[in-house]
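This report is meant for a reader who is meeting the structure for the first time. Please look over the sequence and the model before reading on.

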Number of protein chains: 2
Amino acid sequence: MQPREFLMIPGPTPVPDAVLESVARHPIGHRTPEFSKVVQDVIQDLKWLGKTENDVFVLTASGTGGMEAAVSNTISPGDRVLSLICGVFGERWAKVAEAFGAEVERMTVEPGKAIDPKAVEAKLASAQPKFKAVTITHNETSTGVINDLQALAAAAKKHSALSVVDAVTSFGAVDLPIDAWDVDVVVTGSQKALMLPPGLGIIFFGKRAWEAKANCQSKSFYFDLKKYKKSLDANTTPYTPNVSLFCGLATALKMMREEGTESIFARHMRLKQSLRAGLQAMGLELVVDEEAASPTITSIKPPADLTVDAIRKKLKERYKILVADGQEELKGKIFRIGHMGYVFERDVLMTLASLEATLIELGHKVEPGKAVRSASDLLAARK
Amino acid sequence: MQPREFLMIPGPTPVPDAVLESVARHPIGHRTPEFSKVVQDVIQDLKWLGKTENDVFVLTASGTGGMEAAVSNTISPGDRVLSLICGVFGERWAKVAEAFGAEVERMTVEPGKAIDPKAVEAKLASAQPKFKAVTITHNETSTGVINDLQALAAAAKKHSALSVVDAVTSFGAVDLPIDAWDVDVVVTGSQKALMLPPGLGIIFFGKRAWEAKANCQSKSFYFDLKKYKKSLDANTTPYTPNVSLFCGLATALKMMREEGTESIFARHMRLKQSLRAGLQAMGLELVVDEEAASPTITSIKPPADLTVDAIRKKLKERYKILVADGQEELKGKIFRIGHMGYVFERDVLMTLASLEATLIELGHKVEPGKAVRSASDLLAARK
């Protein structure tokens, strides 16, 4: 017998039993009053979570499908787009925009660093011709960096560029008040802080985004948001949706309402802080400095005497805990721990303790117990 | 207490418990050897079911997403496309192709009729310039018509046009030997004969389709099949897939392997024949003549003294059986019974008996028991 595989990866993330039960229920017809009620609840609760009155649509697609919807509904071939890149998912925005014929300029910082809003502001101010849109990665999954979205969106707005934001690994874990920050387009996915299996993309689409849509020349059908808008006015979707995940999402959002946004966001901050404290106490080097460190993903360099492969393999074999490798150029150079959604303090303690035991078993010198002590000191000190 | 809602609609369809259990299991990481094994099994079994060596890709999207993938990977703006239209879903092909800039010519027959392959052949022969592709609806969900796909695909091939086929409500219920019939592109969805909840689109993509892809100028990212091909070579997907539905699909396909293709196809023929016999014995008028009647969906005109609304409402209220209204111009004029996937003879008998009781309760004159007798006579006579 073995414990259930525990997902401390940046998605899919742990799914609560109540959500699994909703997903497991026999699908209901999607052209029924019962399903329309689910759609209504989901839309209302997503707006609550995003603190917004903007339109929001739920797509049967991965988060990347949501990114395509963001681009193909606002950007025309030849439009100038500024892509802010601090990792793999920032680069994905650039690739999606290029796939739709945009003229993309990349502003790239080295992995582990955040984008500097002042540099963006200067870039936008001097741009000739002006940029139509700025693509932003709120939380860079490949490195565990969180960007200053409020400042970046403000810079974009000041220079009449749309802010087009990937919030896949932040939305629902980190405060993202869409209206207060006046963000134009926000994309997320089901399998992260929303605590669902993968399969739904979610897109918030604001007033200026609709204005861009009116003149948009890009070709699309499945992701054409005008169709979703028309259907949503009748509490339905244009194509057969993933009924099961919609029902699961309704349940997940109800659970989030019970906890409350500020409590959820504070929990994720505690997870980050206690995990980082424990890892540092273990003598491990973190990839991201404190001020840019993500509340949902933490990247770690392996000790010089161990490989990422060996650590991940042993942690899975002995403790059934999954952590992620680095991606692309960081493969084998870092490992990443996801801590978002249905993840709690005890999971951080378990992960720290298991990682410590793993390092010791692999022959690395660690002072036993120190990691957990640092984390639990920090947790005990909270109000 | 009430019985579970029974879906005799053309999708979502009934899902077997074993499949629901697979879907309900906690998601596994999608970059793991365990998930790669699921991908391998699913691909192998889909090829078995489609009797093909062509590539097949599983998209996290509705069937309509699969249709977009079919178009955006083969058709360039300005290409001439012949769309064969015998209902709502035939028209959808035309709309998707137009959304991607194709010059679409429609060959339309009245609802309830099938496309005439000879007329298509003549059209293709005289076309100047030649058509790049012919869009075909194998089984028209809005009317319950099945087209002669073998003849239509042969006509397309003869005139060097790609055959691009919507098999959403036929694949897995009706024989569709892709290689023997040399069909270029076949699209289906999870929530029909494959017995899953909605959320996956499936696309078979043949050699000539890849040749078209090489010169295709349409813009796409999420549905760019080159990326799926590259990932599939490593038994994975380019973006986070719907892990739960993949696992459910593996289970469903295993069940289908146990029953065997010919047995599955024969069962659907029996469902169609016994249902039609029963409906006719009840004095109801069927929309589609025997030779074009779909093995998976049957359309019925309401008796002159009753409305479609009244019948559907009472059937749901009293017996918790869902049947579908007509779509668009046929709304309120016909109702549709779906009988595909995890549907059996007893379900047809139950539906006939419940419909009969419904009509009687609504004041329509029916000879009690005659419908079920006709159906069961037919079922009893089988070998």
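## Salt bridges across the structure

Over all chains, a search of the whole structure finds 69 salt bridges, a salt bridge being a side-chain nitrogen of Lys or Arg within 4 Å of a carboxyl oxygen of Asp or Glu. This is a predicted model, in which local features need pLDDT of at least 70 and side-chain atom pairs count only at pLDDT 80 or more, while totals for chains, interfaces and linings use all residues. Residues are numbered from 1 along each chain as its sequence is written, chains are lettered from A and ligands numbered from 1 in the order in which they are written, and side-chain values use heavy atoms, with hydrogens and water left out.

One of these salt bridges joins A:D175 to A:K51, with the closest N and O atoms 2.9 Å apart. A:D175 lies in the loop between β8 and α7 (178-181) of chain A and A:K51 in the loop between α2 (33-50) and β2 of chain A, so the pair ties together parts that are 124 residues apart in sequence. Helices (H or I, at least four residues) and strands (E, at least two) are DSSP runs, numbered from the N terminus. A:D175 is partly exposed at a relative accessible area of 25%, and A:K51 is partly exposed at 30%; the term buried stands for under 20% relative accessible area, exposed for over 50%, and partly exposed for what lies in between (1.4 Å probe, protein chains only).

## Salt bridges within chain B

In chain B, the side chains of B:E121 and B:K158 meet in a salt bridge of 3.1 Å, N to O. This pair links distant parts of the chain, with B:E121 in helix α5 (residues 117-126) of chain B and B:K158 in helix α6 (residues 149-158) of chain B, 37 residues apart. B:E121 is partly exposed, with a relative accessible area of 24%, whereas B:K158 counts as exposed at 57% relative accessibility.

Another salt bridge is formed by B:K213 and B:D224, whose closest N and O atoms are 2.8 Å apart. Here B:K213 belongs to helix α8 (residues 207-214) of chain B and B:D224 to the loop between α8 and α9 (225-232) of chain B, eleven residues apart. B:K213 counts as buried at 12% relative accessibility, and B:D224 is buried as well, with a relative accessible area of 11%.

## The sheet of chain B

Chain B holds an open sheet of seven strands in the order β2-β10-β9-β8-β5-β3-β4, with mixed pairing; two strands pair if DSSP finds at least two bridges between them. The edge strands are β2 (55-60) and β4 (103-108) of chain B, each of which pairs on one side only. From one strand to the next, the twist averages 20°.

Helix α2 (residues 33-50) of chain B packs on the sheet, where it touches β2 and β10 (200-205) of chain B, and its direction makes about 120° with that of β2(B). For such angles, axes are lines fitted to C-alpha atoms, for helices over the stretch in contact, and angles run from 0 to 180 degrees between N-to-C directions. Strand β3 (residues 80-85) of chain B runs parallel to β4(B), to which six bridges join it, and B:S83 stands opposite B:R106 in β4(B).

## Where the two chains meet

Chain B and chain A bury about 3,900 Å² between them, 65% of it on carbon and sulfur atoms, where buried area is the accessible area (1.4 Å probe) that two parts lose on being put together, summed over both. In chain B, the residues that lose the most area to chain A are B:H26, B:K219 and B:F221, together 17% of what that side buries. The contact, meaning heavy atoms within 4.5 Å, takes 53 residues from chain B and 53 residues from chain A.

Between chain B and chain A the count is two salt bridges, and the side chains of B:K316 and A:E34 meet in a salt bridge of 3.1 Å, N to O.

## An enclosed helix

Ten of the ten residues of helix α3 (residues 63-72) of chain A are buried, so this helix is largely enclosed by the rest of the structure. Its buried residues pack against β2 (55-60), α4 (88-99), β8 (162-166), β9 (185-189) and β10 (200-205) of chain A, together with α3 (63-72) of chain B.
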